[in-house]
Amino acid sequence: MILELKDICKSYGRTEVIRNLHLQVEEGERHAVIGPNGAGKSTMYNLISGRHAPDSGEILLRGENIAGQPPYEIARQGLSRSFQITNIFHRLSVFENIRCALMWPMGYHFSLFKRVSRLRDLNERATQILGQLHLDSRSEVLAGTLTYAEQRALEVGMTIASGAQVILLDEPTAGMSRSETDDTVGLIRMATEGKTLLIVEHDMDVVFNLADRISVLVYGSIIATDTPERIRANAQVQEAYLGKEGAA
Amino acid sequence: MKTVIESGGDTGALAGKTISRMTYAKLGLSAATLIVLLLVPLLGDLAVISLLNQIGIAIIFALAYNLLLGQSGLLSFGHAVYYGVGAFWTIQLMAWISNGAFYVPTPLLPLAGGLGGLVFGFLLGMFCVRRHGTIFALITLAVGELMTALTIMLNNLSGGEEGISAWRQGWLGFTFGSASQVYYLILFWVLLCGALLYGLTRTPFGRLMLAVRDNEERARFIGFNTYRVRLTVFCISGLFAGVAGGLLAVSNELINYEVMSITESGNVLFNTFIGGMTYFSGPIIGAALITTLQLNLSNYTDAWLVYEGILFVLIVMFAPGGIAGIIYVHGPVLRDGLWRLLVRSYGIAAVPAVLLVATGIFLIEFIYHWSSALYAAGAEIPLFGITWSPASVWPWLVMLVGQGVGFYLLLRYAIPSVTAAWQAVNERLNGNEEP
């Protein structure tokens with residue numbers, strides 16, 4: 001078990017968003033979380049990644065409780081997340097966005113006495129990742145001027161760049177066309193090879209295509225975790241989620 | 001064609017991408033500038049030398065300040081505190097040295113100032129950088145006022161309102177008795193600090209500062225404790241501000257509480273912003289220009305602060321990149337020979353500009369003279385070699401008509417013409433980029 005959420009609760013004011021949530025993510029699996037809007041998926045991510053602290057419960061990363069730790073501590077322990085709303089360095093070049101994401105993992109913490117252009121390992125790795133993202137031709141462009149799909153790709157790229165073992169993606173294909181989605185899924189598949197992926201996604205094709213296991217989040221708790229086939233067949237899930245989707 | 005990544009800016013120059021011809025041109029220009037700077041004292045013009053001394057100090061201070069403002073997005077209203085602490089530590093040290101308490105060679109004295117700035121940068125920074133944005137600005141303002149008040153109160157340490165004075169000591173063959181020897185000392189420190197601060201922008205930490213400025217939250221999610229990043233920036237900035245303060249002590253031999261007042265904090269903000277905070281060279285340009293104007297214009301007019309204020313407002317509203325921004329925007333235009341497209345519109349714009357500036361100066365000076373006590377009785381006002389009577393309608397008419405016509409020409413002809421010319425230039429520039 002690489003990541004485990006035990007009995008997590010979180011309220012914002014009087015609104016209970018997460019109620020007694022339990023989730024187990026196995027090492028090396030691709031685990032999707034689905035659920036209707038407002039079910040608490042993004043909140044769950046914010047709790048795991050340290051953006052907010054849960055009111056109660058434990059979040060175990062390799063058996064160690066990380067609940068309430070600041071985001072940078074969690075990131076340093078090898079858990080990296082992307083954001084549903086693109087969260088990049090708009091006024092830096094695309095190349096610099098990736099390079100910044102690489103700095104801490106590659107050991108350049110508060111380097112005041114090294115020339116960044118001479119750090120061959122860092123620059124080569126950044127170039128390599130840009131290639132994987134098909135952003136190499138855009139490397140010197142300011143990230144804020146990229147197209148929406150390119151920004152989404154950069155968002156995912158910054159998340160996987162760190163080489164973290166546990167990767168949390170929050171709707172990586174939201175707003176993308178079919179072919180852009182296919183590209184992104186291919187990228188995610190390649191980048192998470194041998195790693196653990198937790199993905200929140202609304203696109204059911206992506207979910208069933210990518211996931212080894214699926215958890216269904218409804219009203220702040222997980223109502224089922226199983227293989228894609230059995231989730232599809234699960235009556236409770238159909239009622240709570242897929243049924244709605246079918247009706248719409 | 002390789003794109004030239006603008007020099008000295010912070011959009012991220014990559015190694016090996018700059019055209020070498022440009023590099024040689026820049027090296028040549030730098031060498032020429034250095035030679036001129038080294039030769040200036042031989043002219044023996046004391047006023048020029050002492051002006052350059054003040055500019056040098058202002059440059060170091062503004063570069064230090066821009067680590068916060070431009071490179072980290074932290075707007076401080078109290079950065080003179082670290083400048084002032086550096087100045088006081090150094091002047092105190094100079095006093096002790098004169099008493100024979102101990103010895104530090106004069107050229108190294110600014111280091112003592114830097115140490116003072118660093119220590120206080122750390123102690124006060126721990127509180128200041130907890131927040132960014134408005135709260136940060138307000139805390140720095142409060143800390144600045146607090147430190148100024150403390151300085152006046154702590155008579156024993158600061159000399160109260162009179163301040164402390166001490167003499168520089170000689171070192172090896174140098175007596176530092178003349179302004180030109182002090183000039184070389186300041187020049188040395190300006191070059192050293194400039195090189196170090198420029199180098200800092202090229203380090204991983206320098207790039208990280210920009211990332212935190214851009215999007216602090218994301219920086220936290222890629223492993224960085226952004227509080228520590230800001231604190232480190234604050235300390236480095238305090239260090240260099242302290243060096244500038246130390247040089248001020250060595251140069252002036254007299255320091256009082258005014259050195260850390262809000263006026264000084266405002267000055268460094270003006271210098272940096274007017275020069276252009278998004279460019280490394282911006283604060284240098286701003287410090288040089290504003291210091292020169294301050295020292296020279298104050299001989300001609302008491303209303304200098306009004307002009308500085310107007311300049312600041314114009315830059316904030318119309319050229320957020322500052323003077324450096326205006327210069328750099330024209331770089332590619334000159335290089336690609338597109339300036340022909342602009343000349344005509346700039347000529348058109350010059351007419352209302354000259355008219356507005358001339359009648360504007362007239363207006364400001366007239367009102368200033370008129371409102372001062374001397375002329376209260378309705379005496380004549382001497383301006384531009386002519387004596388004007390405020391009771392007469394003519395001077396007012398000239399000014400108001402001049403302003404009116406100026407604004408009309410500006411809005412009706414100048415702005416549309418310049419806008420259209422720039423559109424044409426941008427189309428050509430973008431057309432060149434994409435094959």
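What follows is a conversation about the two chains, their contacts and some of their elements.

Author: This is a predicted model, in which local features need pLDDT of at least 70 and side-chain atom pairs count only at pLDDT 80 or more, while totals for chains, interfaces and linings use all residues. Residues are numbered from 1 along each chain as its sequence is written, and chains are lettered from A and ligands numbered from 1 in the order in which they are written.

Reader: OK, how many residues of chain A are in contact with chain B?
Author: There are 33 residues of chain A in contact with 25 residues of chain B, where contact means that the C-beta atoms, placed from the backbone, lie within 7 Å. Helix 2 (71-76) and helix 3 (94-103) of chain A each supply at least two residues of that side of chain A, helices being DSSP runs of H or I with at least four residues, and strands runs of E with at least two, numbered from the N terminus.

Reader: Switching topic, which strands does strand 1 of chain A join?
Author: Strand 1 (residues 3-12) runs antiparallel to strand 4 (residues 56-61) of chain A, with 5 bridges joining them, and C9(A) has S56(A) as its bridge partner there. Strand 1 is also joined by 7 bridges to strand 2 (residues 15-25) of chain A, again antiparallel; strands count as paired if DSSP finds at least two bridges between them.

Reader: And what's in the turn between strands 1 and 2 of chain A?
Author: These strands form a hairpin with 2 residues between them, and G13(A) in the turn has a positive phi of about 65 degrees.

Reader: Is L23(A) buried or exposed?
Author: L23(A), which lies in strand 2 of chain A, is buried because 20 other C-beta atoms are within 10 Å; buried means 20 or more such atoms, exposed 12 or fewer, and partly exposed in between, with C-beta atoms placed from the backbone. Leaving aside neighbours within four places in sequence, L23(A) is in contact with L5(A), S215(A) and I222(A).

Reader: Now chain B: where does helix 12 bend?
Author: Helix 12 of chain B bends by about 25 degrees at Q294(B), the bend being the angle between axes fitted to the seven residues ending there and the seven starting there.

Reader: What do the buried residues of that helix pack against?
Author: The buried residues of helix 12, including G282(B) and I290(B), pack against helix 2 (46-72), helix 11 (262-275) and helix 14 (322-335) of chain B.

Methods: Two residues are in contact if their C-beta atoms, placed from the backbone, lie within 7 Å.
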